[in-house]
Amino acid sequence: MAIFKGAGVAIATPFKENGEVNYEEFGRLIEFQIENGTDAIIVCGTTGEAATMTEEEHMDVVKYCIDKVNKRIPVIAGTGSNCTETAIKLSKIAEEYGADGILQVTPYYNKATQNGLLAHFGAVADAVNIPIILYNVPSRTGCNILPETAVKLCKEHKNIVGIKDATGNIAQTSRMMQLAEGCIDLYSGNDDEIVPIMAVGGLGVISVLSNVAPRQTHDICQKCLDGDYAAARELQFKALPLVKALFSEVNPIPVKSALKMIGIEAGPLRLPLTEMEEANKAKLKEEMVKFGLEVR
């Protein structure tokens, strides 16, 4: 059984002006997501700025999210690392805290071979019992999980159950699903590809857009799950200009600006990320209004 179907939010982490995690606003964001139909929360991924957190801080945020959600919807913890030992350590802690699953990004900077990926993900899978979703995002990591590798991992490790596909390569994704013969739970990693990914067998999306438009993102996925691809396509097309604006600068710079516009005090970004440029911010606000979001 899949960890979730539909729209999982790759949730942002609000910070105070002094750089500390703003747990009060984080709690508000979590409740906003649940109240508006988000199907799962993915915490401490790229959008959550986990790359600039200490290990202790990272796992404190994971624990807070798990406890706050309190099993109302699944919580998937980002526990990936380019160091296998660190990925195992964080994954064990997430399991102990009660995460429903973990998200494992491809090792970045090291640029592992396919054999390296098999060994890395296999070692993490052997160390925990909870479900694992792989995260394939070559544009950020310089490392691509090839279809044959993804299928081999899912077939040889019962707790490697799925993949977040942010390759932007629908031909590769289709080939992977052809080879998988049903053994991979597929999620879109790109908000502009929800419908295409679900059309080749995807179960939903792990979404940046959901931070500010959780109900609409859920509805795109639900229409696909219901088999109404015409309606899903219409909703996807409507969202495209906003999605483009949300990625006009590197994620999560725009989405944190967008959260502030809807009244969630997401706070500053941690260096080396910087605040959104004013021209891009104005365009983002314009697209949010056109999409029907109430902004300040």
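Let's start at K164. K164 touches L103, I133, L134, Y135, N136, Y187, S188, G189 and I206, leaving out residues up to four places away in sequence. Contact here means heavy atoms within 4.5 Å.

A word on the model. It is predicted, so to speak: local features need pLDDT of at least 70, side-chain atom pairs count only at pLDDT 80 or more, and totals for chains, interfaces and linings use all residues. Residues are numbered from 1 along each chain as its sequence is written, and side-chain values use heavy atoms, with hydrogens and water left out.

Back to K164. It lies in strand 6, residues 160-165. Strands are DSSP runs of E with at least two residues, helices are runs of H or I with at least four, and both are numbered from the N terminus. Is K164 buried or exposed? At 7% relative accessibility, K164 counts as buried. Buried means under 20% relative accessible area, exposed means over 50%, and partly exposed is in between, with a 1.4 Å probe and protein chains only.

Now its partner, Y135. The side chains of K164 and Y135 make a polar contact at 3.4 Å. A polar contact is a pair of N or O atoms within 3.5 Å; within protein, one must be able to donate a hydrogen and the other to accept it, and residues adjacent in sequence count only if both atoms are side-chain atoms. The charged end of K164 also sits over the ring of Y135, 4.0 Å from its centre. That label needs NZ of Lys or CZ of Arg within 6 Å of the ring centre and within 35 degrees of the ring normal. K63 lies over the face of Y97 as well, at 5.8 Å from the ring centre.

Y135 lies in strand 5, residues 132-136. Y135 is buried, at 8% relative accessibility. Beyond four places in sequence, Y135 touches T46, L103, Q104, V105, T106, I145, K164 and A166.

What does UniProt say about Y135 and K164? An unreviewed entry places the feature "active site" at both. They are spread over 30 residues of sequence, but they cluster in space, with a largest C-alpha distance of 4.7 Å. From this set, Y135 is in the lining of the largest pocket. UniProt positions follow the numbering used here, feature names are shortened, and annotations may be inferred rather than shown by experiment.

Next, the second annotation. The UniProt "binding site", again from an unreviewed entry, covers T47 and I206. They span 160 residues in sequence, yet no two of their C-alpha atoms are more than 10.6 Å apart, so they gather at one spot. Both T47 and I206 are in the lining of the second largest pocket. On a 1 Å grid over the protein atoms alone, a pocket is an open set of points where a 1.4 Å probe fits, with protein on both sides within 12 Å along at least five of seven lines; lining residues have an atom within 4 Å of a point.

T47 sits in the loop between strand 2 (40-43) and helix 2 (55-69). T47 is buried, with a relative accessible area of 4%. Its contacts beyond four places in sequence include A10, T13, V208, N211 and V255.

I206 is in strand 8, residues 204-207. I206 counts as buried, at 2% relative accessibility. Its contacts include F4, K164 and Y187.

That brings us to the rings. How many aromatic pairs does a search of the whole structure find? Three. Rings of Phe, Tyr and Trp (its six-membered ring) pair if their centres lie within 6.5 Å; planes under 30 degrees apart count as stacked, over 60 as edge-to-face and the rest as tilted. F4 and Y187 have ring centres 4.5 Å apart and planes at 15°, so this pair is stacked. F4 lies in the segment before strand 1 (6-10) and Y187 in strand 7 (residues 185-188), so the pair ties together parts that are 183 residues apart in sequence. F4 is buried at 4% relative accessible area, and Y187 is buried at 0%. Elsewhere, ring pairs link Y23, F26 and Y64 into a cluster.

F121 is in helix 4, residues 114-127, and is buried at 1% relative accessibility. Its contacts include L134, I145 and I160. T173 is in helix 7, residues 170-180, and is also buried, at 1%. T173 touches D165, T167, L186, I197 and V200, neighbours up to four places away not counted.
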